[in-house]
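Please open the model in a viewer and keep the selection panel at hand.

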Amino acid sequence: MSRRANADNRAGERPAAEWMARAVDAARTTHPHPNPRVGAIVLTADGLLASEAVHESPGEPHAEAAALERAGAAAAGGTLVVTLEPCDHHGRTGPCTEVILAAGIARVVVGAVDPDPHVAGAGIRRLREAGLTVDVGVLAGAVETMDPGYFHHRRTGRPRVTLKLAATLDGQTAAADGTSQWITGEAARADAHQLRAESDAVMVGAGTLRVDDPRLDVRLDGFTGPQPRPIVVAGHHPLPETAAVFTRRPLVYSPQRRGDLGDGVELEVLWHPTGVDLAAMMKDLGGRGVVDLLVEGGPTLAASLLGADLVDVFVLYFGGGIAGGVGRPLFEGEFTTLSDLTGFDVVSARLVGTDVRIDARPSRGVE
Ligand SMILES: NC(=O)c1ccc[n+]([C@@H]2O[C@H](COP(=O)([O-])OP(=O)(O)OC[C@H]3O[C@@H](n4cnc5c(N)ncnc54)[C@H](OP(=O)(O)O)[C@@H]3O)[C@@H](O)[C@H]2O)c1
């Protein structure tokens, strides 16, 4: 047993919430989407740590199955602490409920009920029917906060959409000539790369593709996780053949068939009188397993998504410069009267280097 496990064992019988907090922390850094982040801990019948595991990636063992395998015979009569309700159906792996029953576990402590319609209480019912003690809801809020995109995706069928924009202190996202690199400093840009690292896909509009030619990849030292898929929303104007993102197997949504896309670019046509059918696009992305979507602008796409009520989190970086005039706004369009305001609640504001990051959510209370 490791030195850490020995130290934990000396703590003897610890409250389930402490073990749950440890399982949540372990799962936090994983990226198994479209599957959930899950952490599991097995305690012996004496309440000592036997093993722990996380769910690493789709197709790999679920956290509880991995932890139980590591625990072996030590699990008999013991407790399983798991952040998310165990599954009771066959997916790429077998039902975790069967593994739990086979291991002889006596008590299961569950963080959150799994909102996936394939689970949704069935795992808990099965374990209770088999005579196990099942406690549900231990640190459920922390479990959901650790992987909010998963809960949103399973409840709505679409990704959790984070819209990120950077503006001058007086709210301009680009100069009239289109230049915008860079409005914010290095620390804020690294912070934005962390947002990419936590996302399954990163989206821009065709205007940003034409002007900024972004790669939309994560460029952070030590990043080993899966790269987010690049996504472009394009209307009726041509796209540049040499765009850097075209080397990264992008997905292009357009209201029309088009001949300006090279090999390796996937086109999805979703027509709507105003351009791409954005609600259908989000359903399509959800179906493709995109759980966390980061939208990096620009102002036209941002306005379309805001107008369609498809922004779940708004991250705004304010750089130190003042434009002192009219260039490009955060959201394209006109603000004719105060009742046009879209209600957002600021949930945090902090300095990132010499810039300010503000996080806000729609007042409609979307998670
Ligand atoms: N500061 C920042 O955070 C930030 C971020 C991104 C971009 N920018 C700046 O913003 C400027 C570009 O602005 P922009 O408004 O042109 O950028 P954009 O929103 O990225 O692109 C606009 C284009 O995207 C397509 N599009 C957007 N919504 C659509 C919909 N619902 N259906 C179909 N097509 C849709 C259209 O393509 P078609 O043209 O093909 O019709 C539209 O002209 C650049 O100067 C860039 O540097 C700043």
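The model is predicted: local features need pLDDT of at least 70, side-chain atom pairs count only at pLDDT 80 or more, and totals for chains, interfaces and linings use all residues. Residues are numbered from 1 along each chain as its sequence is written.

Begin by colouring domain 1 (3-146) and domain 2 (156-362) separately; these bounds come from an automatic or database domain assignment. The centres of the two domains, taken over C-alpha atoms, are 36 Å apart.

Next, select helix α4, residues 96-103. Helices (H or I, at least four residues) and strands (E, at least two) are DSSP runs, numbered from the N terminus. Cys96, Thr97, Val99, Ile100 and Ala103 of α4 are buried, that is, 20 or more other C-beta atoms, placed from the backbone, lie within 10 Å of their own. Viewed down the axis of α4, these buried residues fall within an arc of 160 degrees, so they line one face of the helix; the arc is that of the directions from the helix axis to the C-beta atoms.

Just after α4, select glycine 104, whose phi is positive, about 80 degrees.

How values were computed:
A residue is buried if 20 or more other C-beta atoms lie within 10 Å of its own, exposed if 12 or fewer, and partly exposed in between; C-beta atoms are placed from the backbone.
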